[in-house]
Amino acid sequence: MKERPEESLGVVSVNKAQKELIENQFDIDKEGKIHVENYLNEWSQKDEGLNEFFIKNLENVQGDERDVIFVSSVYGPDYRAKKVFQRFGPISGKYGYRRLNVLFTRAKNQLVLFTSLKPSDIQVSDTSSEGVKVLQEYLKYLETGNLPLIAEANSQDIESPFQEWALDQIESFPGFSADWEVGVRGYRIDIGVKHKDHSGYIMAVETDGANYHSTKSARDRDKLRQEILESYGWKFHRIWSTDWLQDPLEVRERLKQALENRLKELKIDSDKR
């Protein structure tokens with residue numbers, strides 16, 4: 001509220017008891033703080049109060065969106081037993097994964113999770129609920145910065161020798177491997193690149209195949225799709241068939257450099273953590 005007063009804020013806890021605890025603590029801490037009072041007053045008057053600050057529990061956050069959402073996970077090691085009990089409240093229920101999906105999509109710009117829970121603390125098995133599995137995958141994403149594998153590579157045929165060439169080049173680089181047509185529905189990417197030292201895909205490589213050149217609307221959809229995927233952490237490198245026809249060695253070198261730069265980025269991110 002002090003550093004970024006231009007952004008709408010919300011706090012979500014996973015259970016009602018902690019929501020009430022946070023609410024009580026906030027009421028105590030805000031006393032005498034002019035910037036908090038100004039923030040609350042200004043946002044309560046904007047858009048007829050639709051974006052005013054809130055503190056809610058998981059069950060009551062549906063329909064709310066804010067620029068930044070702070071999430072308190074509740075779950076973590078018991079301070080006496082020193083272990084994590086496999087009890088995850090409403091997340092363990094039949095539709096727990098839907099609650100998480102609602103929670104993770106409430107933030108327009110940023111979601112900040114406060115937790116003492118690590119992915120390895122969650123014991124997932126074939127009988128675990130979908131909600132518990134999703135929670136573990138999300139924690140893995142926050143810990144590593146890599147999006148989880150949401151779909152296996154498609155068995156669809158490769159469209160052209162150019163695209164087959166691109167796959168072969170990636171596979172020839174030490175430590176790298178590639179899958180064709182990765183993703184779901186309208187969010188497929190041409191080539192998902194992996195590296196032996198990292199989990200999940202580290203980069204998307206796009207090729208201008210037949211679909212790309214077919215119509216302007218197809219190109220517009222492609223651009224929008226890339227922007228959406230980039231907002232979720234995907235890194236893109238595009239290679240053009242016209243460049244490939246003129247100088248395949250140069251295209252190969254740029255592709256290799258892009259992948260090596262991506263490895264450097266991941267190492268820097270890892271060192272920061």
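Reader: How many bridges join E7 to E8, and do they run parallel or antiparallel?

Author: Two strands pair if DSSP finds at least two bridges between them. Strands (E, at least two residues) and helices (H or I, at least four) are DSSP runs, numbered from the N terminus. Here four bridges join E7 to E8, and the two run parallel. One case: Val 205 has His 237 in E8 as its bridge partner. The model is predicted: local features need pLDDT of at least 70, side-chain atom pairs count only at pLDDT 80 or more, and totals for chains, interfaces and linings use all residues. Residues are numbered from 1 along each chain as its sequence is written, and side-chain values use heavy atoms, with hydrogens and water left out.

Reader: What is the strand order in the open sheet?

Author: Read E5-E6-E7-E8, four strands with mixed pairing. E5 and E8 (236-239) are the edges, each pairing on one side only.

Reader: How does H5 lie on these strands?

Author: Axes are lines fitted to C-alpha atoms, for helices over the stretch in contact (heavy atoms within 4.5 Å). Angles run from 0 to 180 degrees between N-to-C directions. H5 lies across E5, E6, E7 and E8, at about 150° to E5.

Reader: Which residues have the most contacts inside the largest nonpolar core?

Author: Such a core is a set of buried Ala, Val, Leu, Ile, Met, Phe, Trp, Tyr and Cys residues joined through side-chain atoms within 4.5 Å. Buried means under 20% relative accessible area (1.4 Å probe, protein chains only), exposed over 50%, partly exposed in between. This core has 20 residues; Ile 170, Ile 191, Val 193 and Leu 259 have the most contacts inside it. H5 gives the most, five residues.
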